[in-house]
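Could you take a look at this one with me? I've jotted down a few points for you to check against the picture.

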Amino acid sequence: MASTGSAAPSIDLLPVDIAAYADGNTGIPYVHSFRADEDGPHLLINALTHGNEVCGAHALRFLLDHAVRPTRGTLTLSFANVAAYGRFDVSRPSMSRYVDEDLNRVWAPAVLDSRRSSVELERARALRPAIDRADFLLDIHSMQHDSDPLMLCGLADKGRQLALGLGFPAHVVADAGHDAGVRMRDYGAFADARSRKAALLVECGQHWALESKTVAIETTLRFLRHFDCVDPSFIAAHLLPVEAEAQRVIEVTGPVTISSDKFYFTKDYTGLEVVPQAGTIIGYDGDAAVRTPYDDCVLIMPSRRITPGQTAVRFGRYVA
Ligand SMILES: [Zn+2]
């Protein structure tokens, strides 16, 4: 029967206080940037694109509290949707995802340059210069379901190579994003195969699971290690003592975008299920059956936010 995952998630990982970092040092509130004497890449680690995804705020506080500074190049740390984050209410935690609209769907230049206004668009416009300056972005997110972490690397090979360079997490998802709007990860040069700039979006686990904080910090440290821009002894002291898992790449073939106001899944999917048979019905969008398009179809991040125009789930397949 209708299954949109109504069970209330447990709230173990709570927001962390970031008021001490409100001023930043860049002229943009909540954005810090540190430059080394030696030349090197400009790395940007971003948290709170979604205000309810608190693990990234913990990871940035970990770096800021430890006064991590680049040994070469520039390191920028940004807390994105602080307005939504400030509204976190433990009794309605999902409500702090955004104030007016999804900050991760406004990154088309035509939208940023438009005359339209919202809390998120104004914040995106304020952040835009910092993002324009970055060579490599790690955007830290979390998920509705308690699922294994995913690294979303976009379609260009440079994103995939960067994800494989980090060696973590095990699941790498090569994807084009959503019909509802452009993500920060896909903004400008990040999605341009001719540019050397590249971006990753990590989905660390369930929004309020303690493990998501661990994954966020681990991913952050591996991102810094990959570019050799931070004291390696600091990274070594904090990396998890885990064996590297073999990474697998899932190529997303497309989103299922909701067109009716009566969408439901036939099972309580949580993500990364592999549906063996092509044509299997996984849900209904109004009266229309939603079928898997090929054998061994992987379900990526089935959503509980059932709204027309939004992504219900994405289909993908493992590649060698
Ligand atoms: Zn998110």
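Here are my notes, point by point.

1. Before anything else, keep in mind that this is a predicted model.

2. The site ties distant parts of the chain together: Glu53 sits in the loop between β2 and α1, while His141 belongs to strand β4, 88 residues apart.

3. What about the geometry there?

4. Next, find helices α1 (residues 55-65) and α6 (residues 210-226). They pack at an angle of about 50°, with their axes 8 Å apart, which makes α1 oblique to α6. Their crossing is right-handed. Residues making the contact include Phe62 and Leu63 of α1 and Ile217 and Leu221 of α6. Sorted by class, this contact has 8 nonpolar, 3 polar and 1 charged residues.

5. Most residues other than glycine have a negative phi, and most peptide bonds are trans. Tyr30, in the segment before β1, has a positive phi of about 65° although it is not a glycine. The peptide bond from Phe168 to Pro169 is cis, with omega near -5°; look for Pro169 in the loop between α5 and β6.

Definitions and conventions:
Residues are numbered from 1 along each chain as its sequence is written. This is a predicted model: local features need pLDDT of at least 70, side-chain atom pairs count only at pLDDT 80 or more; totals for chains, interfaces and linings use all residues. Side-chain values use heavy atoms; hydrogens and water are left out. Axes are lines fitted to C-alpha atoms, for helices over the stretch in contact, and angles run from 0 to 180 degrees between N-to-C directions. Helices (H or I, at least four residues) and strands (E, at least two) are DSSP runs, numbered from the N terminus. Angles under 35 degrees count as roughly parallel, over 145 as roughly antiparallel, 65 to 115 as roughly perpendicular and the rest as oblique. A crossing is left-handed if the near helix is turned anticlockwise from the far one by less than a right angle, and right-handed if clockwise. Contact means heavy atoms within 4.5 Å. Ala, Val, Leu, Ile, Met, Phe, Trp, Tyr, Cys and Pro count as nonpolar, Asp, Glu, Lys and Arg as charged, and the others, Gly among them, as polar.
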